[in-house]
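Let's walk through this one together, question by question. Have a look at the sequence and the fold first.

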Amino acid sequence: MCLFLYDDDPEPEERVPAGPLYVPARPGGESAVLRLFRTPLGERTAVGFTTPERLSATLGAAQTWIRLSGSALRALAAPLGVTLLTVDPSLTAPPVATTPAAVTPVAGPGAGPLSRTA
């Protein structure tokens with residue numbers, strides 16, 4: 001945290017309106033179902049993007065979305081126990097390998113099946 005506060009720099013925990021967001025959703029019968037995600041530390045979060053291009057770059061071009069304000073997204077996520085809203089996250093996972101890598105067994109302490117000692 002910065003020791004000096006400036007008028008144009010909001011605190012990270014401060015809820016600042018993000019404007020209309022592109023929110024990842026999936027079809028659910030006659031309505032859309034909000035997609036929730038997890039932060040790298042495992043906390044559940046609602047996610048919104050400021051442009052459809054940012055959403056597509058992170059989640060893929062096939063990802064469906066709905067337009068919601070930040071407050072409406074928070075209101076939908078709150079009954080599910082989700083209080084965190086992440087705007088414009090970037091993908092942090094490594095890309096998935098298209099071909100499985102060869103796995104070679106490693107010999108040594110701890111390798112092999114577990115056994116009970118009487």
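Pro-24 sits across from Trp-65 of strand β5. This is a predicted model, in which local features need pLDDT of at least 70, side-chain atom pairs count only at pLDDT 80 or more, and totals for chains, interfaces and linings use all residues. Residues are numbered from 1 along each chain as its sequence is written, and side-chain values use heavy atoms, with hydrogens and water left out.

Q: Over how many bridges do β1 and β5 pair?
A: Helices (H or I, at least four residues) and strands (E, at least two) are DSSP runs, numbered from the N terminus, and two strands pair if DSSP finds at least two bridges between them. Strand β1 covers residues 21-28 and β5 covers residues 65-68. They run antiparallel, and the number of bridges is 4.

Q: In β2, which residue is the bridge partner of Ala-25?
A: β1 also pairs in the antiparallel sense with β2 (residues 31-34), over 4 bridges. The hairpin of these strands has 2 residues between them, and Gly-29 there takes a positive phi near 75°. Within β2, Ala-25 is bridged to Leu-34.

Q: Which residues does Pro-20 touch, not counting those up to four places away in sequence?
A: Pro-20 belongs to the segment before β1. Its C-alpha atom is 8.7 Å from that of Phe-49, 29 residues apart along the chain. Contact means heavy atoms within 4.5 Å, and by that rule Pro-20 touches Arg-67, Leu-68 and Ser-69.

Q: Is Arg-54 buried, partly exposed or exposed?
A: Buried means under 20% relative accessible area, exposed over 50%, and partly exposed in between (1.4 Å probe, protein chains only). Asp-88 has 23% and is partly exposed. With 45% relative accessibility, Arg-54 is partly exposed.

Q: What covers the buried residues of α2?
A: In helix α2 (residues 70-77), the buried residues are Gly-70, Leu-73 and Ala-77. They lie on the same side of α2 because they cover an arc of only 60° around the axis, taken from the directions from the helix axis to the C-beta atoms. Their cover includes β1, β2, β4 (44-48), β5 and β6.
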